[in-house]
Amino acid sequence: MDELDPEIARLITAKEQRRHKLAALPFAEKVRLVVKLQQMAAPVLRARGRSVAVWTLDDLKPVVRK
Amino acid sequence: MEKTLQVLNELVRDGTLSRYAIGGAMGATFYAEPVLTFDLDIFVILPQTVSGLLTLEPLYETLRARGYTEEGECVNIEGIPVQFLPAHNDLLVEALTEAREVFYEQTPTRVLRAEHLVAVALQTGRDKDR
């Protein structure tokens, strides 16, 4: 197998580390990122004819039960 | 993300990048419903350097001059963490050369073909892609 260029090896390692950092984020921050992901993906999915609803962070306010 | 892609198109126009295409999970979104992670994988063909060394430093420097900051291996461009991955083997060069031209909203861009996305994921061989 070809030896990996050191710069590529560094990028792949850093990417893995970033995934662990994202996994360790607080729940509220993860939800905020999910909304950003929905915003990023929505134009692509709409262009494919999919019906897409992107959450707004206002939707995510805690529900107060009476 | 549209502004991010506009910045990438400018980098191609000014010669900082020879070519780029969207890959990774966001690239797969053009064909399927992948599990997304919060970053944008951009495969790039860099202009040939005099030394022949594979380095992203000139690209990072250009982006720094435009006010875009590095976050680990990513550069935050218009609010999106972008990871640049140089085409370092024949598969990636082919994938970039044959990338599809598409529009993201009003902005032209390129995305790897589905078969190349799958081949690159297999070659990378991460557990999450199995």
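## Labels put to the test

Q: What makes B:E105 partly exposed?
A: B:E105 has 13 other C-beta atoms within 10 Å. A residue is buried at 20 or more and exposed at 12 or fewer. The count of 13 lies in between, so B:E105 is partly exposed. Bear in mind that this is a predicted model.

Q: Where is B:E105 found, and what is its phi?
A: B:E105 is in the loop between β6 (100-104) and β7 (107-111) of chain B. Its phi is positive, about 55°, although B:E105 is not a glycine.

Q: Why is B:E78 called partly exposed?
A: The count for B:E78 is 13 other C-beta atoms within 10 Å. That falls between the limits of 12 and 20, so the label is partly exposed. B:E78 sits in the loop between β4 (74-77) and β5 (80-86) of chain B. Its phi is about 55°, a positive value, although B:E78 is not a glycine.

Q: How do you know whether B:P47 is buried or exposed?
A: Count again. B:P47 has 10 other C-beta atoms within 10 Å. Exposed means 12 or fewer, so B:P47 is exposed. B:P47 is found in the loop between β2 (40-45) and α3 (57-65) of chain B.

Q: Which residues does B:P47 touch, not counting residues up to four places away in sequence?
A: B:P47 touches B:G15 and B:S18.

Q: What makes A:K15 count as buried?
A: A:K15 has 20 C-beta neighbours inside 10 Å. Buried means 20 or more, so A:K15 counts as buried. A:K15 is in helix α1 of chain A. Leaving aside neighbours within four places in sequence, A:K15 is in contact with B:E73 and B:Q83.

Q: What is the make-up of chain A, and how much of chain A is buried?
A: Chain A has two helices and zero strands. Buried residues make up 8% of its 66 residues.

Q: Why is α4(B) called roughly antiparallel to α5(B)?
A: The axes of helix α4 (residues 90-97) and helix α5 (residues 114-124) of chain B come within 10 Å and cross at roughly 160°. Angles over 145 degrees count as roughly antiparallel, so α4(B) is roughly antiparallel to α5(B). The crossing of α4(B) and α5(B) is left-handed.

Q: Which residues meet where α4(B) and α5(B) are in contact?
A: From α4(B) come B:L91, B:L92 and B:A95. From α5(B) come B:H116, B:A119, B:V120 and B:Q123. The residues of this contact divide into five nonpolar, two polar and no charged.

Q: Which residues touch the most other members of the largest nonpolar core?
A: That core has 39 residues, and B:A21, B:I42, B:F43, B:V44, B:V82 and B:L112 touch the most other members. Not counting residues up to four places away in sequence, B:L112 touches several residues, including B:A21, B:F43, B:A95 and B:L117.

Definitions and conventions
Residues are numbered from 1 along each chain as its sequence is written. Chains are lettered from A and ligands numbered from 1 in the order in which they are written. This is a predicted model: local features need pLDDT of at least 70, side-chain atom pairs count only at pLDDT 80 or more; totals for chains, interfaces and linings use all residues. Axes are lines fitted to C-alpha atoms, for helices over the stretch in contact, and angles run from 0 to 180 degrees between N-to-C directions. Helices (H or I, at least four residues) and strands (E, at least two) are DSSP runs, numbered from the N terminus. Angles under 35 degrees count as roughly parallel, over 145 as roughly antiparallel, 65 to 115 as roughly perpendicular and the rest as oblique. A crossing is left-handed if the near helix is turned anticlockwise from the far one by less than a right angle, and right-handed if clockwise. Two residues are in contact if their C-beta atoms, placed from the backbone, lie within 7 Å. Ala, Val, Leu, Ile, Met, Phe, Trp, Tyr, Cys and Pro count as nonpolar, Asp, Glu, Lys and Arg as charged, and the others, Gly among them, as polar. A nonpolar core is a set of buried Ala, Val, Leu, Ile, Met, Phe, Trp, Tyr and Cys residues joined through C-beta atoms within 7 Å.
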